[in-house]
Amino acid sequence: MNQRMRNFIFLAFALVWLCVETQAQRIYGGQIDRQIQGQTPEAYSYRIGCTFFADKAGYDALPNRLRFGIYRKKDNAFIQEFFADKNSDISGSKSAFSCNKSSKTDYLFVRYNQNLILKPTVFSDPDGYYIINDPVGNRNPTNNVASSQIVLYHWFSPQYLWEYFDASEPGKITPQWAPDSYNYFCTNVEANFSLQIQAVPLVSTLNRTNYTLMVQNTAPLMGGLNGTAPYRSVDWKAGYSESQMLPGGNFLVPVTYFISPQGLADLQISARPLKAGVYSIGFIVKHSRNGVPLSEIYREYQIQVDDCPPPPPANIRVSQVNKPAVIASARVCDGKSVQLNAGANQPNITYEWSKDGKVIAGQKDSTLVVKEEGTYSVQLTKKESCFPSTSPPAFITIVPNPKVLIESSVPSGLLCPGGSLKLSTLTSEPFVKYQWRRDTVAIASATDSTYKVTQVGNYTVEVIDQNGCKGESKTFLIKADSSVKVIMQALPVKCSNDTSLVKLEGTPVGGKFSGNGVTANKFSPKSAGAGTHKIAYLLDDPKACVVGTAEQTATVLSSPALELGPDQFISSIGGVQLNQNNVLANDFNFQWTPPIGLSSSTVSSPYADPDQTTTYQLTVSGTNGCISKDTITIGIVHGVYIPDAFTPNGDGVNDLWEPKGLEEFPDVEIQVFDRWGHAIYSFSKNNRKPFDGLYNGTSLPSGNYVYQILTQPEGHTYRGSLLLLR
C-alpha cells in the first residue's frame, strides 16, 4: 500500500471519528428511586425505578437491559442481582434554558423499572443495603470530572421495610426526586435552584418533628476497581475534588428539610461559580422518621455556567426639565418639576420607572419628569443580558413655597402728603432674597424685608427661600389720604346691674377711648353706674393724617336695689317675713318663685311659712325695663334635743353628751367652753366624736359648762348651760 493510500485511509478514519464524536451520546446524570407496591406489611413489594437523563443519542446508547446489584453496606457483600428493561416510552422530556434564552439543552428521561420483594428476614443488617447499576456511559463531558462511566446509588435501612404510618393512611413514605437534571448558571452570580423531593404515597400526617430530610453535596460515582467496592467516586480533573466540585466551591445547602403535608419538599440550594463550563455534581438526600435513618437517595446532576452579558449600570441623575446637563436639587418647590435621567442613547436598553415601589405605567423613556414627592427608581434591561439592573433610590421631596404677607405701619394704607409709611413682610419660612414691586415693576435696591413707601400704588413682595422656592404676597394698596372724619359708634342703653362689657368702636382705628366705666376699648355699665356718661374717642395720629375727637353718650338705667340678706332658719311651726329690710316703691313689679308657703307671690315683703326648706327667688322689674333678682333660702329646723347634764363616770349610763336632731345639718359646729371661756370640746364635719368629759386625755371636773351650736354657717345658733357630774 503506497503512502497516498495510507493518507486517504487515515483521513477517512479521522472524519468518521470526528462525526461520531460530534454526535456522541450525552448522559447528564440520573437517580435510583424506590416505591412501595403492596398495601400491607406482608407484601414487601417495591418498584425499583432507575432514571437516566440523556439526549436522544444517549438514550440509544444506553443498554436495552441493565443489570443492578444489591449489596450489604458494612462489607460491600453482594446479596442479590436483578435486571430491568429500558422503557421504550420517551415522551417525557425537559428543556433547560440559559438566563437570556439564547441557549437550550433538551434531555429525555430514560427509565428502567423492576418490581422486587425485599423481606426484612433477608435484609436485616442494621447498617442497611444499597442498590447500584452496572456502569454505563458516556457521561456528558464536563470541566471537572475525568471519568465517563456513570453509577447510580440508593441506600435503605431494614427499618424502612416495616416503617408504616397509621391505618387510615397505610404505606411507606418513599421520597422521589422530581424530574429535573440540568440547569444554567452565570459566572460570579449567586443563583438558586430547587431540588424537589416528592413523597409517594402522600401522607398528611407528616410534620417537622416526625419526618426530616437532609441534603448534602457528594461526588458523582463510577464503577469500582477490581477487588474493591463495586462503586467509587469519579476521577477529578486538576483543581477539582469532592470538596471543590465547582470553581468557587460547592453548593450551599440548608441543614435540614421536611416534607409538607402535600408531600413535597423544595430543597433550595445556591452556588456562585467563578468560571464558565459544564460541571457534574452529586447530591444525596437522607430521610428519617422520628430520628431513625430510613434511606439515602442519590442524584447526579449537571450545570452549565456561562459568561452572561453583564447588566447595564443603572443610576438616576436629577436635572432641570429638558436640560439634562443642568443639575437640580432633589428638593423641589411645590408646583415645579424636575427631570430624572437614567442615561440616554443606550442601545438595546429598555427602561421601567417605579415610584414608591410601584411601576409607573407607560413610562419607558430614559427620562422621567416628576412633580410629586416620593421614592423613585429605574430598572434597565439590556437585550441578551441575563439580569436587569435597578438604580439606587432617588428621594424627591416637595418643599412648600414660602407664604408671604405684607404688614403696613399704617393699617389703612393711607399716605399723608409728603409723608411715608413702612411695609414689612410676614412669612413662615426663612428667606434668602426679597424683591419689592410697585404696580408689577421691580423696585431697584428694594431687596430687604422692609420697604419705605413714599408713593401711592399697588405693592407686592416676592421671597426666594433657601431652597430656591418663590412666594409672592397679595397686593397691598397704598392710596393718598383724603379728609377723614373721626367717628365713634353709638352705645346701647344698659341697666346698672348689667355685668357685660360693651365694645367701643371708632374710625379711623388707632385712637383712644375715655370716660366713666371705660377700660381700653370696653365700657362697663356696672362700673359707670346709673346715669348718662360722656364717652370720648380721641385720634391723634400724624401717620394717618387725622387729629380729632368724637363723643357718644352712654345711658345707664337704674336697676331696682335688691338685697334679700342671708339665708334664715325657722322652726317647723313658725314663719318669717321676707325682704322686710328692703323697702321698694310700689311702681315696681314683684314676682316670688316658688309661691309655695308665701302669703303672696306679688308683693315686696310676703310672709313665708313653708313646710320644708325652700329657696325663694324674687324678680323685681321697673318701668324702665331693668330687672333685679336675688334668692334666699328658708331652712326648716325640726325638733333639736340638747341634754343639759351628763355623768361621764364610766358606768355605761349617760357617759356621753350628744345633742339629738342635728342630722339635717351636715355642716353643724358645736363648742363647749369652761367658765373662763376656753374651748374644751369641738364638733364639726371633720371631728364627729361626742363629748366624753375629757380634755386632752384628762377628766374635767364636775361643774357647769357653756355650749354653742351653730347649725350651719350663718344659720341658727343654740346656746345654753351644761352640767357635768361625776
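Me: What makes two strands a pair, and in which sense do β53 and β54 pair?

Reply: Two strands pair if DSSP finds at least two bridges between them. In this predicted model, strand β53 (residues 669-673) and β54 pair in the antiparallel sense over four bridges. Within that pairing, I670 stands opposite F683 in β54.

Me: Which strands stand at the edges of the open sheet?

Reply: The open sheet has five strands in the order β52-β58-β57-β53-β54, with mixed pairing. Its edges are β52 (645-646) and β54 (679-683); each has a single partner strand, so one side of each is left without a neighbour in the sheet.

Me: How is a pair of aromatic rings described?

Reply: The description uses the distance of the centres and the angle of the planes. The structure holds 26 aromatic pairs. For Y28 and Y182, the ring centres are 5.1 Å apart and the planes stand at 70°, so this pair is edge-to-face. Y28 lies in strand β1 (residues 27-36) and Y182 in strand β10 (residues 182-186), so the pair ties together parts that are 154 residues apart in sequence.

Me: Is Y28 buried or exposed?

Reply: Y28 is buried, with a relative accessible area of 6%. Y182 is also buried, at 4%. Ring pairs link Y28 and Y182 into a cluster with F53, Y107, F109 and Y184.

Me: Which residues does E300 touch?

Reply: Not counting residues up to four places away in sequence, E300 touches several residues, among them Y28, R139 and S181. E300 is found in strand β17 (residues 292-306) and counts as buried, because its relative accessibility is 0%.

Terms used
Residues are numbered from 1 along each chain as its sequence is written. This is a predicted model: local features need pLDDT of at least 70, side-chain atom pairs count only at pLDDT 80 or more; totals for chains, interfaces and linings use all residues. Side-chain values use heavy atoms; hydrogens and water are left out. Buried means under 20% relative accessible area, exposed over 50%, partly exposed in between (1.4 Å probe, protein chains only). Contact means heavy atoms within 4.5 Å. Rings of Phe, Tyr and Trp (its six-membered ring) pair if their centres lie within 6.5 Å; planes under 30 degrees apart count as stacked, over 60 as edge-to-face and the rest as tilted.
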